[in-house]
Amino acid sequence: MASEIITDERIAVEWQDGDNHARTGSTSARTVHVVAHTHWDREWYLTFQQFRINLVRLIDRLIAIMQDEEYKYFLLDGQAIIMEDYLEVHPERKAELADLVRNGRISVGPWYVLPDLFLVSGESIIRNLQIGRRLAEDFGEAMPVGYMPDQFGFPSQMPQILAGFGIRNAVVWRGFDSKVPTEAWWESPDGSRVLIHKLEGKFGYLNAAELKVESPEEARVQVVEATERIGRTALTSQFLLMNGVDHRFPNPNLPRTMDALDGTVDGTSVVQSSLPRYFEAVRHEMVDLPVVRGEQRKSQEMEMLQGTLSTRMYLKQENERTETSLAYKAEPLCAFAWLMGAEYPRALLNAAWKELIKNHAHDSICGCSLDEVHREMMTRFSSARQIAEMLSEYASKNIADALSGRSELSRTPHLLIFNTLPWERTELIEAEVQVPRDEAWEQFSLFDGERYVPYTVLAENKDFVSFNAAESLDNFPVFDDCHSYTVRLLVENVPGWGYKALEVRPGRGAAAKGKLITNFTTNDGLPGAETDCVRLSFNRNGTFDVLDLRSGLSYTGLHYFEDSGDRGDEYNYCPPDDDQIVTSSQYEAAVSLESKGEAFRVYRVEYEIDTPECLIREAKSRRSDRQCALKIVSFVALAAGVPRVDITTVVENNVRDHRMRVLFPTDIIADVSFSETVFDIVERDMAVGYVGGWMEDPLPTRPQLTFAGASSPGKSLVIANRGLTEYELCADDRRTFALTLLRCVEWGSRGDLSNTRRGHREDGSKGRNYMFTPDAQCQGIHQFHYSVIPCAGDIIAAKSIRQAYNHKVDMVVHQRKLAPTVDKSGAFIRATVSDPLIPSALKVAEQDDMLIARMVNLSADAAELKLMLDQNIESADLLDLDERPWERSAVGVDGRTVAAELPPKAVRTLGVRPAFNCGD
């Protein structure tokens, strides 16, 4: 096969500036592959249902055209959801479509939808490919090409993800450096490689969209022009022309035009082709290709649309919340219950993932569509999360029943607190406690088997009727009249992938002293507190100082707000020419104690900032003189045994045309920031490397997932977040870390941006605006969650990454009835996890009775994973990302224990088969 022709020994060339590679593309023996396609944005400037009307017409026409066998190939945009959307309307045509896919004439998949790759988790990308491939294989075969024609940049680990699905070729566009030629190897940090075709410059996936199919002579001139362009960067004699564009229908005359052109363009062969056939031809040519490494986010040749990192931030927050509910709560809990004999709800979980992933299309999660599109997205997020939360509740009931067994002792109410991460945790949590409505329960206590655990009541409802969904699973709905209390407490040493049970007893038991927190007053008369880890003190303007008691390192003046103007659109941030920047550090804040317990403090900090109401509507060159009072309330939490400061900020946004950020001066001498991205931690220069003349001016803001920060030898500051996907390490004297909370605009696309993209009009300065999107002003109340994690030296050695994930993933709490004899603490899976390992998934396999543990090694050193179950292990193996046997698998099994080593920067899927039939 062609894929076996090129070996590692033949591609030892590494791409460097100035490298001279053989350009066989400049020879006369060329083949031009014309690939007919449509780029199908499922929703964008129309809603999904509106676009689907045209999709049905397109597929109907395609099936009719392909009755002519001369029309050989058509690419359905690399996303299998197109088939699903069509067949919901015309299910009777599935056999016709399947026949065309089976014969290789219609290329489907491998994606479910074409996602943005920086705004979703690595696990979501894996599930997208899993679902897309399964759906495509239901028709015949998934296209074995990682088709990514319009993503807004590429993470460093995409080659490893594609290779994990056996995909060895990829089509890419936006973000790649202009020096990268048409064909190259793209390599992940773990060494995985894929062969890429970089679509050309500003033409991309539409470089032959306007091919004059009705006029072979005009088409010949166009092909000559295109091959001349491609020949400047091609390293092989195989040229790719993409005959299609957004929502373009197939042209039945294409085959006859190809026949007329073949051999008439300076001896060049012109053929209607497919992406698999193109890559097969490229791999037949024995040429040295450069190796490209790292993430790709350059906007030299094509717009990166960088403002989408923070457009409609509420979508990014809802996405992270839903991803976490599925991958870090529902699936692990259902896996624990499965190990204890319950059925695993595979189909329901997959239904939830599909609803979530529909929102990951690049025009959807990026927030650059119609208001109605994004309102419909919120419904999908809610639908996916409803499934996840209900399945979590059912799983907790199954676990409670399994723990209690057939005990004849009457069961008593307990708070079951689940830790769905693989390491032991101590956390400040909130929980709802429901007790009977009688005198004996006027007070209650929480008992962990050894001592009474102190708690603080935050709210109570003494006239509450609860609906217990899990208890109603097999019965008539169960409604309970009860007292309901919302409590806050510190729960200590919950085992990794395990639980702690607190018995709810009547009467107030005397709580034993545990970990303590002390409070003090600063010289300015403001509050402060100290735990065994961190000392926190407030300043008059609402900023706070943090002393890391473990290292002695201090951080001062943290946490103030900046508000500035934005004249941009949904795609791009663009400050007004004459901006007015306001910060909360200019104002005095009101600091008070919101709640306290013996082991925690939560402070309330209130700000009111006078901010320009909007931009001047005419020129939008500066903000208005009319002021609004922008109200901000932050809740700053500190808990014993928790080496971080957690913040929840509530903003009532009544300002338009602006960007709001929260700032943390790091005082760390560094010229680079670090950030978690898809399965990697990357370093990024503060300087953007811009020398002028790019298609889009680069911005200093950068993407992130769970955390980002700054580091120098001996000192680091990590800022964790939940769904706040944009940050900047500012080039000021204090190296201030800026976390974007809101970016508020009202146009989908403006044609008069002053310093960003140049593509909508040739002069780059004036043009029409389209898609009026007032919802993108994000008016109303918003809530943001983030955390300050100080540490000395390397963030992995300091376990700061674990703390970032502890902040991301709340403990899951359900009240259940347990037999009093049940162990009050335990692990469902006992894990030994090296510090750099982060879980991506804990679930049951898609098509087998295997426990799946997918782990990511974020470090440059090998790491070890060891799991111990409560039953013998029949077998264990490393699987690929599609959960199929992997040829390089090597794990050790010893009775109930399995161990595996993860190479540096590797993503690995461990499949473990218990020695009994779980779930029967």
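Two strands count as paired if DSSP finds at least two bridges between them. Strands here are DSSP runs (E, at least two residues) and helices likewise (H or I, at least four), numbered from the N terminus.

**Entry 1: ground rules.** I am working with a predicted model, in which local features need pLDDT of at least 70, side-chain atom pairs count only at pLDDT 80 or more, and totals for chains, interfaces and linings use all residues. Residues are numbered from 1 along each chain as its sequence is written, and side-chain values use heavy atoms, with hydrogens and water left out.

**Entry 2: strand 20 and its partners.** I looked up strand 20 (residues 544-548) and found 4 of its 5 residues buried, so the strand is largely enclosed by the rest of the structure. Buried means under 20% relative accessible area, exposed over 50%, and partly exposed in between (1.4 Å probe, protein chains only). On one side I traced 5 bridges to strand 19 (residues 534-538), running antiparallel; there Leu 536 faces Val 546. Strand 21 (residues 554-558) is also antiparallel to strand 20, with 3 bridges, and Phe 544 stands opposite Leu 558.

I then checked the hairpins. Between strands 19 and 20 there are 5 residues, and Gly 542 has a positive phi near 90 degrees. Between strands 20 and 21 there are also 5 residues, and here Gly 552 has a positive phi near 85 degrees.

**Entry 3: rings.** I noted 21 aromatic pairs in the structure. Rings of Phe, Tyr and Trp (its six-membered ring) pair if their centres lie within 6.5 Å; planes under 30 degrees apart are stacked, over 60 edge-to-face, and the rest tilted. Phe 154 and Phe 176 make a tilted pair, 5.5 Å centre to centre with 55 degrees between the planes. Both Phe 154 and Phe 176 are buried. Phe 538 is buried at 1% relative accessibility, and Phe 544 at 0%.

**Entry 4: Glu 846.** I placed Glu 846 in the loop between strand 42 (837-844) and strand 43 (851-857). Is this residue buried or exposed? Glu 846 has 12% relative accessibility, so I logged the residue as buried. Its side chain makes polar contacts (N or O atoms within 3.5 Å; within protein, one able to donate a hydrogen and the other to accept it, and sequence-adjacent residues counting only if both atoms are side-chain atoms). The side-chain partners I noted are Asn 350 at 3.0 Å and Lys 843 at 2.8 Å.
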